[in-house]
Each structure stands twice: as C-alpha cells, then as structure tokens.
Amino acid sequence: MKRSSPLAYAFFFVVTLIGVGALFFFCRELHLPKGWITAVLALATAEWLIRRHGFESTGVESALWLGGLFAFIAGLPSTGKPESILVFAAAAAIAGWRVRNPWFGALAVVLVLFYLREKNVSAQMLAAAAQGIAIGAALLRGRTWRLASTDRLFGAIAIAAPLPAIDFWSERLALDIGGIYLLGGAIVLGIALRLRDRMLLIAGAISVVMAALDLHKLFDYRVEGKLVAAGVALVAISLLVSRALRGRTRGIVVTPAAEGKYQEAVTLAATVFAQPQHAPASDSGRFEGGGGDAGGGGATDSF
Amino acid sequence: MWSEQPSRDVFSIHAELRFLAWGGVMLIATGAGIWVSKNLDAIGPATIALILGVAAAACYAYAWWKRSRPASLVDDYVLLLGALLLSTDVGFIEHQWHLLGQEWPRHFLLLAVVHAVAAYLYDSRLVLSLSVGALAAWLGIERNVEMIFEANTETGVRALICAAIVLVWRLVNRHRAFDDVFDHFIAHLAFLGGVLLLQDNEWIGLFLVAVFGVAAVWIGFRRRAEAFVVYAWGYGAIACISFIWQHIHDDAIGLLLTMAACVVLIAGLIVTHARFKREKTP
C-alpha cells in the first residue's frame, strides 16, 4: 500500500493533472475523441495503480480519476446549460467515492450549491441551504463511522459548503445572509467544541469569518480602522481564551502540542509574503505600507 | 490533523489560538500600513513616523519585559508586530525624506540587519524570516508571482547571490534553532534563481536546477527531511515544463513531451519517496 505525505500528495496531484490535461489537448490537436481517450487511459491507469500496486492516497490515482472524468465531460458537446455543473458534481462524487477522497465529495456539494446559484435561487435560501448542509455534516461527524474517510468526508463538507453561497465581495450589505452565516458558524463551532473536532473548528471559523466579511459593512468606519480593530479582537480573543484555559489538564487545554510537520514553514512563508512592502524614495507617489505590488530594488510601478 | 477521529479526552487548541494571534497581528500591520498612506496630509509625516516608531518600540519593550516572565501565547506575535511596524516606519521615513537618495533600496539592508539582531536577541524564527525577506528585497527579489513571468537573467543571478549570502550566514550561525529556517530559504532562493535564468532562455538555469535538485535530494535523505526531496522534484517539474514550452514550437510535440515529462517526474518522485520512507523506517 502506498500513501503520500501532504507535500508529496500535492506534487503528485498537480503533476498528474497537468499530464491528464496534456493528454486531453494532445488528442484535440490530433482531432481524436479527446474526452473518451483521456477518460479511458486515465481511469485504466488509476485502476491499474490501485489494484496492482496498492496506490491509496498518493495523489496520482485521485488526480487520474478526477481528471479522467472531468476530461470526459469536457469532451462532450456543450450546450452551455447550468445543468452541466451537476454533471461535474456527479463526477466529483464518483471520483471521491472510488478513491475515498473526502475533498472530492466536498467539491461535489460546492458544485451543487453553485448550480443553485446559477438557477437564481435567492441568496437567503442559498445561505440557509449552505449552513444547513454544514450543520448536518457537523452532526454526522459526531457518529462513529466504519471508514475514517466517511468521517473526514463530513468534516470536508462542513468546511467547504459555506464557501460558494455568499457574495462577500459585493459592496451591498446583506444583513440576513451575514446573520445566517454567523448563526450557522456559531452552531458548528459549538458542535466542534462538544466533539473536540479540529475540522469542525475550521468549518465554524470559516462561516464566522465570512459573516464578518459581510457584517463589517454595518459599521461606517474606514477600512484601516476595521482591520486594526479586527486584528486587536483576534489577539485579545487568543489571549483571553489562553488565560481562561491556563492550568487545565483535561478537556479543552492550551498545552503546546508538537507542531505539525509543515506548520511552522507555512507560518514563516506566509509572514514573509504578507508583510508590507515599501515604496522607492525616488517616486513621488503615495507611500503604501499596506502592501504595494512591488518591493524590491528598482521596483517603481505602484507608487 | 485531518485524519484524526474526534478525541473526547484532552484536546489542545494551542495551535488554533496561535493562528488567531498571528492573523490578528497581520491584520493590525496591514491596517497600520493603509492608515499611514491615507493620513499623510491630515496628521503629517513627522507625527506618523513618530507614532509608528513608538508603537514598534512598545512592542519590542513588551517582548523584552516578557523574557524574564512566564511566556504567554501571544509573546512571539507582539514581537512580530513590532518588527512589522518598524519595517513600515523605516520604509515610510525613506519614502518621505529620501534619506538614502538613489540608494533607497539600502533601507532593506538596514531592516535586514535590525531584524537579524532582534531575531538573535529574542530567539525568534519569525523575525529571522523577516530579516532574510528584507535581504532578498535589498537584492531586488520581489515577493510576487509576476516576478516569475517578468523574470530576467539579472533577477535570477540576484536570487543565486542571495542564496549564497544566506548559505554563508547559515555556516557562521551558531544558533542551531535557526538552521532549518536558513536551509529552507537557501533551497527556495537557489531553485528560484535557476528557474528565473531558465525563463530568460539561459540553458545554465536547467543545469543549475538539476544540480540543486541532486543536492536537495541528498540533503533530504541525509537529514530525513522530506520537504527537500519534494522541493527538488517540484522545481524540477517547473523547470522541465518551462524548458519544453520555450523550445518546442509545435503544440502536439510540446504536449506529448509534457506528458512524458509528467510520467518521468511522477515515477522519479515515487521511487525517491519510497526509498526515503524505507530509510526513514527504523
């Protein structure tokens, strides 16, 4: 049985998808039935790797299944109807079921919600459906499932379901949608703490953040003030919760656990990339310490 | 984290709270940067520089005061906030008063030195990463994706020089806890230099990526650090595919070679990865 670490999984998945894409476009160049050939070769290779070589969670077989089915659908004559999204959702669900990948199952749910959005289902209904799915998945995660992948599937759905149902880039305030997300997020967070479940903690946090991205429009303050206030609030919450839990040895604790393999590397990289970049002095434009799109020597374009 | 079944016994939320604190600090730093740019006329440059300086000093002072007291979860991030505010302040002062004139990128060098001193004083890997980032900025290596596509040989050479400087720094470094940070920066900067040279049609870039790849795999095996093995294959994949599409102008042949390259790359990492796991298992 072959399994990959997350970093190797990411490499295998991306490179395999590039390979499947190259096969699809190669067939198109030769005027061959691109969808059929790509699907047959990709699925046959995936099954051969799974059955003969014990591939499981390597990223290769997952990308072959997902890429093969998506290529097959992409190769069909398109009518441009939104129902095609449902076909992709079914493909993601089938691939997820075969390779036991919870994120493919979550992708299927996300695509169904996108379909509802395309069908002009009201934003409130969509938000309620997304949060209903997230809460349902969170509750189902409380059961003990025979397969760990089924358990992870519900965690993945709880995380992904809220993502497509809110248009938080819109300038228009949608108080009811923000409210639904806040309520849903709070319920999922409550279930997460009850079950002591990290995936659900992330799911609840995502809904709360999305609600905040909508509800901040309620306050008519400058964006920098809101950012600083949100930052101070996050630091304060972190500090207060850690103080409240200090000394506990059972239940929810703040004892430092061994850091994840890539946790520190990710934090360092994110810090380097997210830090403010500065202006060249020779340019007369405004200083943009909040992050211009240039930062090194000789960079002059955004100031 | 993703594969664990829910636990009902002891459940530590330490990592989650640290992430919250980190996110909060990054939001504050971003908000401060925007505040500076928007309030220049209303408040005045001298006052802004002073406020940022005082805020940064307060963060450093808090972190210093906390050194002799029980550590709390946010200590590292208060120090990080101080370093970020200092970066903003120095950048603002240079932009406003042109103290270094045409040599303005030298303020990055100043920041690299100051952050390095703070990193050693406070034993902070986060601040060390800011220092190396400032060093790279001084050498003209920007932190954005467009850099890859607008690359030229000069930027590639600068990345290689930066990797060499960090390598020398790592060799003279006596604080072992920082070695990992240096190693990852060296690997990324060196590979990036090779890829940038290749993007500008310099064949030596492909050769350099291959050499660095062999070195990274060797280091990965020697130190049981899988990340270096994956870096080698990851940057190797970017270099291979970039090389194919630069030199093959027939789409069908380019696609065929891309498929072949993907198969070779996947097989290569499978073999290396399997051997790595075998050697790692006692």
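**Aromatic contacts**

Q: How many aromatic pairs does the structure hold over all chains?
A: It is a predicted model. Over all chains, it holds 19 aromatic pairs.

Q: Start with A:Trp36 and A:Phe72. What kind of pair do they form?
A: Edge-to-face. The centres of A:Trp36 and A:Phe72 are 4.9 Å apart, with 85 degrees between the planes.

Q: Where do the two sit in chain A?
A: A:Trp36 is in helix H2 (residues 34-53) and A:Phe72 is in helix H3 (residues 60-74). They are 36 residues apart, so the pair links distant parts of the chain.

Q: Is A:Trp36 buried or exposed?
A: Exposed, because its relative accessibility is 56% and the cut-off is over 50%. A:Phe72 is partly exposed, at 24%.

Q: Switching to chain B. Why does B:Phe221 with B:Phe276 count as edge-to-face?
A: Because their planes are at 75 degrees, and over 60 counts as edge-to-face. The ring centres are 5.6 Å apart.

Q: Which helices does that pair link?
A: B:Phe221 belongs to helix H10 (residues 203-223) and B:Phe276 to helix H12 (residues 251-280), both of chain B. The two residues are 55 apart.

Q: What charged end sits over the ring of B:Phe221?
A: That of B:Arg275, 5.1 Å from the ring centre. Elsewhere, B:Arg67 lies over the face of B:Trp64, 3.8 Å from the ring centre.

Q: Last one: which residues do ring pairs link into a cluster?
A: A:Tyr9, A:Phe13 and A:Phe104.

How values were computed. Residues are numbered from 1 along each chain as its sequence is written. Chains are lettered from A and ligands numbered from 1 in the order in which they are written. This is a predicted model: local features need pLDDT of at least 70, side-chain atom pairs count only at pLDDT 80 or more; totals for chains, interfaces and linings use all residues. Side-chain values use heavy atoms; hydrogens and water are left out. Rings of Phe, Tyr and Trp (its six-membered ring) pair if their centres lie within 6.5 Å; planes under 30 degrees apart count as stacked, over 60 as edge-to-face and the rest as tilted. Helices (H or I, at least four residues) and strands (E, at least two) are DSSP runs, numbered from the N terminus. Buried means under 20% relative accessible area, exposed over 50%, partly exposed in between (1.4 Å probe, protein chains only). A charge sits over a ring if NZ of Lys or CZ of Arg is within 6 Å of the ring centre and within 35 degrees of the ring normal.
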